[in-house]
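Visitor: Hi, I'm new to this one. Could you show it to me and walk me through a few spots?

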Amino acid sequence: MTRFHHATALAAVLVACTPLDAREPSKPIAQQDAGTAGKPQPDPVPDPTPTAQANVAIAVASVQLEDDCGDPPSAPPPASEAPAAPARPQKRNPSAGASAFPGSNARIACQQSTMQLRFTNEGDAAVSIAIAAVELHDVQSASLLAPVPSRLPAAFTTDGSYQPWDGRLAAGAQFHASYRLTPPSWSMVDAKLGNSRGRELVLEITVEVDGEPTTVRSPAFVRPPELVMPPT
Amino acid sequence: MLGAVRSDRARPMRLRLPIVLCAAALSLVPVVAAIDAAVPDATASAPPAARAISPIGPSPWSDAWLLAHGDTYLDDDGANARRVALTRSLHNADNLYARQRLRAYGLGDAGWDALPPWNPRARVLAAGDVDTPVADTTPQSTDAPALWDGIRPQTMAQWVALGRRVFLTYPLRAEPAAAHAIALGATAAIGLHRDADADAGLYPGLVAYRDIDGADAIGITCALCHSAVEDGTLVLGRARRDFDFGAMRLAWHADTGEPVDPRLRARMASWGPGRADITEDDDADPVAIPDLWRLRELRHLTQAATIVQDDRDGAATPLGLAIRQETQFIHAGGERTRPPRELTWALTMFLYSLEPPPRDVPQEDPRLDRGRRVFDDHCRGCHGDASGSGAAVAAVRVGTDPALAQGTSRGTGFYRPAPLVAVADAAPYLHDGSVGTLEDLFDPARLRVGFDRGARASGPVLGHAYGTRLSAHDRDALVAWLRTL
């Protein structure tokens, strides 16, 4: 298992003014998080006219480059189709633990790679947010090591969970967003670096606000030792 | 010093020594003397020292002092105070624990401060969860109310009450292995015993909750390792020394076929009950789960003295523990949310409130006077604080297994002298739980080839040779006295 935690300390103010042509797939809802209570609600209808006054602050909260555990089903199965809990067996049943609890089917040994960003729309019009690219770079050589594809944007909602997000951000709103990441092939990275462990690395994240790209860069981080205990 | 009284705290005085002995000890430990003399103490013979930990305001570590620090921690949106407290609380800024936090915590408008606060909907496990298959009942967690109502407590009692709820209910992370054990009825085999305390749930430390991706899960809380049932009563703060975390995980791997690195498998199998390795390096350095008594009396937190809480030189702050709890929740949860700071402050106040349960202590044992003198002569130099702990000691001097102290994860090069609060109930001993009894701790045979009573393995258990050269009579007296603490 590889575990690769780091958090960035970066905030950027972006001005959006150009069309978006590399947008992530839109998701059905855009809910407002608890921190935006009392502020304008997201516009359910995308504004086709990007505004030059769009003004979005981006804070990179955290990044985890670990594993790719696959994506959850789009909807939970009906209760009648939920896997049955195992009877109390004389001999333990392989896979019983994974199937018994719908919410615990994330494997212990698999930690999904993600990145978390906070968007604050300080402008006077709704905007669209999209991640155009995420790249892993080596600090020492300033070289590109690998792309890190992102997917499934989600926003933290008032019910206390990340829900699919269509990237729309209303004027005055603040969203905490999370994206799944596909980590690089570390063997390929090691082929370039010799050994990626112990090397300082960074992520470069290109964010598009109404199509206007801006790249934000994470501070350096170091891959942890190879053999770490599962988090507790 | 042993026996010092903090101003407005009521607690048993089992560690109190005669004034004459206190004075002698203070003369040997001048730094401790200066600090403790600055705290009002009706029984202390030394005059107040000129220097105090805090120049104004309530006495350090009093409830009023803690509440004043709470305002600083809670309202520090710009992160200045928390960042300073983090930096000052790190004994070794170069270990993984420190670097991880310095990269991400207390940055104000970025890093972990920019994560969304998560007020979970979680509930303790109830009888129905285990009397019927858990899979059928976990969705009920969606009906659980939010852990916190959003109203900031005002009094210490309110903070402690909320903190108790956090201790029992705030999920550190999902734990499929625990859910697996419940589903199979295999909890007793790993030391998870049912408890009838409805407030804490049927398995204290296990909760059903809605996770941050909207799924129902079984999670673990602080109480999993730091609560135990004694004589039918749940004791919060007591290490759960019969809980075998490694066996629980290994059973899950074995049953599910989920791969595990052979080296990890071997390490988890080596833990045994009451031990775990939660460090983030590839060292094998499990620790004995500690009791959580009288934390506010400690200079350092963690056995490796990773966090400086009170350096006795003017840098005393409860924010170090609060930040430790906050960042632990953040990291254990995958660094995708953070707890509201009200909840981590409440947890901190709850932890500071923990006292060991009262117990019968022999008072007429003729060995006690002798044992107390032996302690003064041979132990107090390191175990001189009110809790029986003291300033961190270089690991090379202690001589116990250096893996934790010198490890890259939380290592500082030092070990914290073990607190001696209710030490008779704290076996096994040493940071890694390698010595089974107090008698063995001082038995010179422990250090020799052929010793076969090690708590974890046969063979000598090296290090902490202090007391092993005492006569058998003095060792017996010392152990008798330690059992009164």
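Predicted model: local features only at pLDDT ≥ 70, side-chain atom pairs only at ≥ 80, totals over all residues.

Visitor: Which side chain does R152(B) meet in a salt bridge?

Guide: That's D75(B), at 3.0 Å from N to O. A salt bridge is a side-chain nitrogen of Lys or Arg within 4 Å of a carboxyl oxygen of Asp or Glu. The pair links distant parts of the chain, 77 residues apart: D75(B) is in the loop between α3 (63-74) and α4 (80-89), and R152(B) is in the loop between α6 (127-131) and α7, both of chain B. Helices (H or I, at least four residues) and strands (E, at least two) are DSSP runs, numbered from the N terminus.

Visitor: And D75(B), buried or partly exposed?

Guide: Partly exposed, with a relative accessible area of 48%.

Visitor: How many salt bridges over all chains?

Guide: The count comes to 32. One of them joins E355(B) and R294(B), again at 3.0 Å from N to O. E355(B) is partly exposed at 29% relative accessible area, whereas R294(B) is buried at 3%. Another joins D440(B) and R453(B) at 2.7 Å, N to O. D440(B) is in helix α16 (residues 438-442) and R453(B) is in the loop between α16 and α17 (472-482) of chain B, so this pair ties together parts 13 residues apart in sequence.

Visitor: Which residues are linked in a network of salt bridges?

Guide: E230(B), R238(B), R241(B), D291(B), R359(B) and D425(B).

Visitor: What about D244(B), buried or exposed?

Guide: D244(B) is buried, yet has no salt bridge. The nearest side chain of opposite charge is R456(B), 7.5 Å away; Lys and Arg count as positive and Asp and Glu as negative, with His and the chain ends not counted. D244(B) sits in the loop between β6 (233-236) and α9 (245-256) of chain B.

Visitor: Which residues is D244(B) in contact with?

Guide: Leaving aside neighbours within four places in sequence, D244(B) is in contact (heavy atoms within 4.5 Å) with I190(B), G272(B) and P273(B).

Visitor: New topic. How many aromatic pairs are there over all chains?

Guide: 13. Rings of Phe, Tyr and Trp (its six-membered ring) pair if their centres lie within 6.5 Å; planes under 30 degrees apart count as stacked, over 60 as edge-to-face and the rest as tilted. Among the pairs is F167(B) with F350(B), a tilted one at 5.1 Å centre to centre and 50 degrees between the planes.

Visitor: Where do F167(B) and F350(B) lie?

Guide: F167(B) is in helix α7 (residues 156-169) and F350(B) in helix α12 (residues 341-353) of chain B, so the pair ties together parts that are 183 residues apart in sequence. Both F167(B) and F350(B) are buried.

Visitor: Which residues form an aromatic cluster?

Guide: W118(B), Y170(B), Y209(B) and F329(B) form one.

Note on methods:
Residues numbered from 1 in each chain as written. Chains lettered and ligands numbered in written order. Heavy atoms only, no water. Buried < 20%, exposed > 50% of the residue type's maximum accessible area, 1.4 Å probe, protein only.
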